[in-house]
Amino acid sequence: MLNQKSSEFVAVPQAKTNGWEILRYQFMQIWQVLAALLIIYAVFFILSPAFRNVDTLLSIFSQGAILAVLACGTTVVLISGGLDLSVGSIFAVVGVVVGVLIKEYQLAYPLAILGALAAGTCLGALNGVIQVVTKVPAFIVTLGGLTAYKGLAELLGSGKDLSRFPEGFQMLGSGYLAPICIMVGAAVLTGLFLTKTRLGNHAFAIGGNEEVARLSGVKVARSRIYYYMIGGMFAATAAILEVSKLNFAQSSRGVSYELFAIAAVVIGGTSLFGGRGSVGKTIIGMMIMQTIIVGLAYLGVGTSFQRIAIGTIIILAVYWDVWRRQPR
Amino acid sequence: MEHKKSAKIILQARGLSKHYGGVVALDAVDLDLHEGEVLAIVGDNGAGKSTLVKALTGAIAKTSGTIMIDGREIRIDSPADAKAAGMETVYQDLALVNEISITKNMFLGREIVKDNLLGKLFGTLDFPKMDAKIQVLFKKLDIRITDIYRDAEAFSGGQRQAVALAKTVMFGKRIAILDEPTAALGVRESKMAMDLVCSLKDHGLSVIMITHNMQHVLNHCDRVIVMRLGKVAAVCDVADVDGDMLVGLITGTIDKKVESKC
Ligand SMILES: Nc1ncnc2c1ncn2[C@@H]1O[C@H](COP(=O)(O)OP(=O)(O)OP(=O)(O)O)[C@@H](O)[C@H]1O
Ligand SMILES: [Mg+2]
């Protein structure tokens with residue numbers, strides 16, 4: 001039977017696999033968002049004279065850096081078809097935790113950082129475990145987390161003066177260089193995780209089609225918990241950076257950060273519906289958002305209008321994602 | 001098709017049932033799979049064929065029933081258990097993830113990890129090795145898909161089915177279970193898929209195949225199970241039946257008494 005070979009399966013062109021082709025392929029994936037970033041930057045560059053200097057550019061990057069670190073985790077969670085609305089509150093908890101560990105427990109700051117990272121990772125794990133065990137949708141579980149973790153942050157931080165940290169700790173988030181380096185590090189690690197490791201690859205499979213992944217023997221529940229842990233860990237990293245930068249910790253920080261992170265991920269072109277995306281796109285998405293925020297501020301547009309602009313952009317970005325997915 | 005009457009029974013299910021609330025999708029089904037045969041499962045839409053395969057392979061929790069391999073009872077509570085027992089399954093409409101490449105689909109859940117420290121610590125994947133294995137296999141099976149780096153979404157139904165079947169060749173240790181491998185395929189693709197099914201047999205696997213195509217049953221299968229309303233309506237040697245009779249058994253116009261001579 002096998003001898004009667006036929007050519008039913010028409011071949012598609014052979015893929016080129018050398019480094020140049022791979023680079024070209026990756027550029028093809030991001031050129032649209034990159035172009036959007038450049039155009040938006042150019043618009044503000046033309047409109048506002050004050051916008052035209054290197055300091056502005058650097059402050060866009062360094063301000064975006066903290067949120068971009070947070071968004072690295074959000075990218076992983078969204079690719080896996082999950083959703084985490086609680087990272088802003090995890091951010092608040094971890095900020096307070098690192099402050100308390102350094103100021104109240106007099107812990108050396110590297111240990112305090114480790115403790116804070118562990119706290120964020122645990123809260124992320126809790127999100128995942130609750131979902132996997134109860135089968136309550138991610139939206140509800142992490143919406144609960146958004147409120148509950150906020151309360152936890154207030155309990156831990158109320159009435160405490162968490163400011164004036166050791167100099168070494170202050171270095172992490174201050175200036176331009178350190179936050180940008182940490183952002184690049186976070187993005188590179190996330191990118192390697194998503195493209196090179198088994199767990200990272202499973203995020204795309206689970207986000208793409210959870211049932212097929214399950215039937216293929218992927219440990220879906222366990223993997224999901226890991227993705228939420230990664231989300232919590234990056235939220236913690238971002239919180240530590242911000243506490244270091246501001247030189248104080250407060251339970252009121254982090255409000256709406258989860259929405260900024262989701263916005264950056266979606267503007268970058270990672271699908272809100274799972275299965276597709278990359279962390280490079282998220283970084284560009286975050287820079288687009290920061291450019292708009294900073295640019296509007298330079299044009300004298302108030303924060304209320306900035307919020308309206310960002311909200312509109314989020315809806316447009318998701319609309320674009322929906323539109324792209326429709327068969328034409 | 002040659003048929004070894006004396007072949008030993010490799011897979012056996014007894015009293016397999018699946019209830020969805022009040023709906024009885026599968027009602028005390030018995031099934032024997034002989035070593036080296038191709039066993040067809042036929043029946044109307046909603047007869048319970050897919051449910052049988054899913055209950056057999058741990059894709060759904062069965063309400064009751066036992067499964068034996070080589071005469072020994074084994075627990076199959078998850079797809080992983082079935083794979084460990086040597087069963088490789090292509091589920092209806094659930095074969096590939098659209099969003100990931102052919103390579104990643106082929107090895108999904110069984111990726112090859114790099115044989116170094118990074119691999120052990122972080123589970124970094126050995127894509128060159130996986131690509132190479134696929135290329136060798138596709139060449140052997142005459143599957144002409146070279147662009148295995150592209151997302152599965154980009155391929156035609158025939159190509160996708162070929163990939164799913166190739167997966168069973170690569171990983172199937174003893175038993176391949178295929179739920180409508182030629183559904184929605186054109187004449188040429190359909191023939192190619194059936195060639196792959198036969199090559200599974202040539203590779204020494206025992207095959208269970210669900211199909212609506214009576215010609216495929218008559219030309220390529222050794223025995224056939226006819227299902228109706230969640231029950232086994234008849235079990236026949238293909239040599240003893242013709243197309244009209246199968247249709248009669250499926251629709252219920254021929255009832256069990258006539259069938260008993262099978
Ligand atoms: N998840 C479910 N919940 C409730 N009923 C179900 C479920 N899955 C299947 N059924 C019912 O079980 C019966 C058998 O379905 P099954 O998919 O096994 O049929 P089938 O023989 O494979 O049909 P087809 O030829 O169309 O693939 C149907 O009546 C179906 O409605
Ligand atoms: Mg079916």
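Reader: Where is the place of B:Asp131 in chain B?
Author: B:Asp131 sits in helix H5 of chain B. Bear in mind that this is a predicted model.

Reader: Which side chain of opposite charge is nearest to B:Asp131?
Author: That is B:Lys104, 9.3 Å away. B:Asp131 is buried and has no salt bridge.

Reader: What polar contact does the side chain of B:Asp131 have, then?
Author: One of 2.8 Å, with the side chain of B:Thr103.

Reader: And which residues does B:Asp131 touch?
Author: Leaving out residues up to four places away in sequence, B:Asp131 touches B:Thr103, B:Ile148 and B:Tyr149.

Reader: Changing topic. How many residues does each chain put into the contact?
Author: Chain B puts in 45 residues and chain A 36.

Reader: What area do chain B and chain A bury between them?
Author: About 3,700 Å², with 58% of it on carbon and sulfur atoms. B:Leu94, B:Glu99 and B:Arg144 supply 16% of the area that chain B buries against chain A, more than any other three residues.

Reader: How many salt bridges across the interface?
Author: The rule finds 2. One of them pairs B:Asp151 with A:Arg276, where the closest N and O atoms are 2.9 Å apart.

Reader: And how many residue pairs in polar contact between the chains?
Author: The count is 8, with both residues at pLDDT 80 or more.

Reader: Which helix of chain B gives the most to the side that touches chain A?
Author: H7(B), with 8 residues.

Reader: What is that side of chain B made of, by class?
Author: The side of chain B that touches chain A has 19 nonpolar, 16 charged and 10 polar residues.

Conventions. Residues are numbered from 1 along each chain as its sequence is written. Chains are lettered from A and ligands numbered from 1 in the order in which they are written. This is a predicted model: local features need pLDDT of at least 70, side-chain atom pairs count only at pLDDT 80 or more; totals for chains, interfaces and linings use all residues. Side-chain values use heavy atoms; hydrogens and water are left out. Contact means heavy atoms within 4.5 Å. Buried area is the accessible area (1.4 Å probe) that two parts lose on being put together, summed over both. A salt bridge is a side-chain nitrogen of Lys or Arg within 4 Å of a carboxyl oxygen of Asp or Glu. A polar contact is a pair of N or O atoms within 3.5 Å; within protein, one must be able to donate a hydrogen and the other to accept it, and residues adjacent in sequence count only if both atoms are side-chain atoms. Helices (H or I, at least four residues) and strands (E, at least two) are DSSP runs, numbered from the N terminus. Ala, Val, Leu, Ile, Met, Phe, Trp, Tyr, Cys and Pro count as nonpolar, Asp, Glu, Lys and Arg as charged, and the others, Gly among them, as polar. Buried means under 20% relative accessible area, exposed over 50%, partly exposed in between (1.4 Å probe, protein chains only). Lys and Arg count as positive and Asp and Glu as negative; His and the chain ends are not counted.
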